[in-house]
Amino acid sequence: MALTILILRLAVCILAFPMYLLDFLGLWNWICKQWFPYFLARFTVMYNKQMASKKRELFSNLQEFTGPSGKLSLLELGCGTGPNFKFYPSGCQVTCVDPNPNFEKFLIKSIAQNPHLQFERFIVAAGENMHQVATGSMDVVVCTLVLCSVKNQEQILQEVRRVLRPGGVFYFMEHVADKPSTWNYFWQQVLDPVWYLLFDGCNLTRESWKALEQARFSKLKLQHLQAPLSWELVRPHIYGYAVK
Ligand SMILES: C[S@@+](CC[C@H](N)C(=O)[O-])C[C@H]1O[C@@H](n2cnc3c(N)ncnc32)[C@H](O)[C@@H]1O
């Protein structure tokens, strides 16, 4: 099986040769950072339609974590185009973090479409180092479809715990590796290298639940789900929340 995966991977990589060539010339990363926000702006419309009920369920108790200030301080980590804004309660103070500055114009549009929120700022940074965000300053951190792309999940989760106040909550919804016995996992393995390049560092085969289980939150509520998405490769999901 491992040999078949290797041969098919090679075949797919040959088909994607122009992309690899651009990467070799050092041009692909720039192109990808430009085109990815446009792709995501379209993809998240479909994703939000198909996942609306799950997102509503996930974020239904956000308001309960409002801190002593009386306002809910929320950090959206890997915010992308801001597709979660409509699920947040009125008056919520939103800070956004993303390493790709090209998302800013999409964020501005999302902010204008969600006047019930109080937008604080957009910080261009990777989640592994959010020194611009004060320790213990957030009631809630949200991360959707991000742990698949980050360089270091352990470090990100450490940073999430640092910026949360005691009793603060980390909400996540992530696509993950399918069960090893499935055909879907077979194709996830075959397509992973090309997918990574095409979708700005996204991995299809991450077992992100393991990093969450090891992140030393005081409580973790994590569920596995076959998401009702048209793209089979990203159907296996985990979602839930973790309390600091
Ligand atoms: C698939 S998009 C998801 C965006 C958005 N959260 C959503 O649900 O549509 C992945 C996002 O993670 C961001 N990202 C990648 N590496 C990151 C990192 N190390 N720290 C924080 N965000 C990161 C990307 O720039 C991109 O905006």
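Among contacts in the chain between residues at least 6 apart in sequence, what percentage join residues at least 24 apart? It's 75%, where a contact means heavy atoms within 4.5 Å. Keep that in mind as we walk through the chain.

A quick word on what you're looking at. This is a predicted model, in which local features need pLDDT of at least 70 and side-chain atom pairs count only at pLDDT 80 or more, while totals for chains, interfaces and linings use all residues. Residues are numbered from 1 along each chain as its sequence is written, and side-chain values use heavy atoms, with hydrogens and water left out.

Let's begin with the overall layout. The chain has seven helices and seven strands; these are DSSP runs numbered from the N terminus, with helices being H or I of at least four residues and strands E of at least two.

How about the overall dimensions? The C-alpha atoms fill a box of roughly 55 × 35 × 35 Å along the principal axes. The radius of gyration is 18 Å, which agrees with the value near 18 Å for a compact globule of 244 residues. That radius is taken over C-alpha atoms, and the globule rule is 2.2 Å times the number of residues to the power 0.38.

Of the 244 residues, 52% count as buried. Here buried means under 20% relative accessible area, exposed means over 50%, and partly exposed is in between (1.4 Å probe, protein chains only). The accessible surface comes to about 12,100 Å², and 59% of that belongs to carbon and sulfur atoms; such areas come from the Shrake-Rupley method with a 1.4 Å probe, and for residues only the protein chains shown count as cover.

As for charge, there are 24 positive and 18 negative side chains, and the centres of the two sets lie 4 Å apart. Lys and Arg count as positive and Asp and Glu as negative, leaving out His and the chain ends. Each charge is placed at NZ of Lys, CZ of Arg, CG of Asp or CD of Glu.

Two stretches carry labels from a record. UniProt, in an unreviewed entry, puts a "transmembrane region" at residues 7-31. In the model, that stretch is 84% helix and 0% strand, and its end C-alpha atoms are 28 Å apart. The unreviewed entry also lists residues 75-172 as "domain: Methyltransferase type". Those residues are 21% helix and 33% strand, with end C-alpha atoms 12 Å apart. UniProt positions follow the numbering used here, feature names are shortened, and annotations may be inferred rather than shown by experiment.

Next, let's visit some loops. Ala126 sits in the loop between strand 3 (118-124) and strand 4, and is partly exposed at 34% relative accessible area. Gly78 is 48 residues from Ala126 in sequence, yet their C-alpha atoms are 8.0 Å apart.

Further along, Leu145 lies in the loop between strand 4 (138-144) and helix 5 (153-163). Leu145 has a positive phi of about 55° although it is not a glycine, and is partly exposed at 21%.

Thr182 belongs to the loop between strand 5 (164-175) and helix 6 (183-198). With a relative accessible area of 25%, Thr182 is partly exposed.

Asp200 is in the loop between helix 6 and helix 7 (208-213). Its phi is near 50°, positive in a residue other than glycine, and at 19% relative accessibility Asp200 counts as buried.

Finally, Gln214 is in the loop between helix 7 and strand 6 (219-226), and is exposed at 62%. Gln214 and Leu157 are 57 residues apart in sequence, with their C-alpha atoms 9.5 Å apart in space.
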